[in-house]
Amino acid sequence: MVIFLNIDYYDKVLAGITASLSSGAAVGVFTGIPTQYAVGGGAAISIGIMYHGIFRNGPVG
């Protein structure tokens, strides 16, 4: 059985935001880096992903 998924650009943007925030939290929990700094770093990456999704390649129509 083969399942075909139609993944759009904005689905990838949402996945990137989720991945960057969750990986920042995981780094904060499993390493010696303080959690607030690690989550802040993940949030900075997700801000860059949101900027690209909203302003650089914004929705049209």
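Student: Leaving aside neighbours within four places in sequence, which residues is S46 in contact with?

Tutor: Contact means heavy atoms within 4.5 Å. By that rule S46 is in contact with I17, S20 and L21, once neighbours within four places in sequence are left aside. This is a predicted model, where local features need pLDDT of at least 70 and side-chain atom pairs count only at pLDDT 80 or more, while totals for chains, interfaces and linings use all residues. Residues are numbered from 1 along each chain as its sequence is written, and side-chain values use heavy atoms, with hydrogens and water left out.

Student: Where does S46 lie in the secondary structure?

Tutor: Helices (H or I, at least four residues) and strands (E, at least two) are DSSP runs, numbered from the N terminus. S46 lies in helix α2, which covers residues 35–56. The chain has two helices and zero strands.

Student: Is S46 buried or exposed?

Tutor: Relative accessible area decides: under 20% is buried, over 50% is exposed, and partly exposed lies in between (1.4 Å probe, protein chains only). S46 has a relative accessible area of 3%, so S46 is buried.

Student: What does S20 touch, not counting residues up to four places away in sequence?

Tutor: S20 touches G42, I45, S46 and I49. S20 is found in helix α1, residues 9–30. With a relative accessible area of 7%, S20 is buried. The side chain of S20 reaches the backbone oxygen of I17 at 3.0 Å.

Student: How should I read a C-alpha distance, for instance between L14 and S46?

Tutor: L14 and S46 are 32 residues apart in sequence and 9.3 Å apart in space, C-alpha to C-alpha. L14 lies in helix α1 and is exposed, with a relative accessible area of 54%. For P34 and I17, the separation is 17 residues in sequence and 20 Å in space, again C-alpha to C-alpha.

Student: Where is P34 found?

Tutor: P34 is in the loop between α1 and α2. Its relative accessible area is 34%, so P34 is partly exposed. T31 has its place in the loop between α1 and α2. T31 is partly exposed at 41%, and its side chain reaches the backbone oxygen of V27 at 2.4 Å.

Student: How many aromatic pairs does the count come to?

Tutor: Rings of Phe, Tyr and Trp (its six-membered ring) pair if their centres lie within 6.5 Å; planes under 30 degrees apart count as stacked, over 60 as edge-to-face and the rest as tilted. By this rule the count comes to two aromatic pairs. Y9 and Y10 form an edge-to-face pair, 5.0 Å centre to centre with 80° between the planes. Y9 is partly exposed at 25% relative accessibility, and Y10 is partly exposed at 28%.

Student: Why is the pair of Y51 and F55 called tilted?

Tutor: The ring planes of Y51 and F55 are at 45°, so the pair is tilted; the centres are 5.6 Å apart. Y51 and F55 are separated by about one helical turn, because they are four residues apart in helix α2. Y51 counts as partly exposed at 44% relative accessibility, whereas F55 counts as exposed at 62%.

Student: What radius of gyration does the chain have, and what would a compact globule have?

Tutor: The radius of gyration is taken over C-alpha atoms, and the globule rule is 2.2 Å times the number of residues to the power 0.38. A compact globule of 61 residues would come near 10 Å, but the chain has 15 Å. The C-alpha trace spans about 45 × 40 × 10 Å along its principal axes. Of the 61 residues, 16% count as buried.

How values were computed
A polar contact is a pair of N or O atoms within 3.5 Å; within protein, one must be able to donate a hydrogen and the other to accept it, and residues adjacent in sequence count only if both atoms are side-chain atoms.
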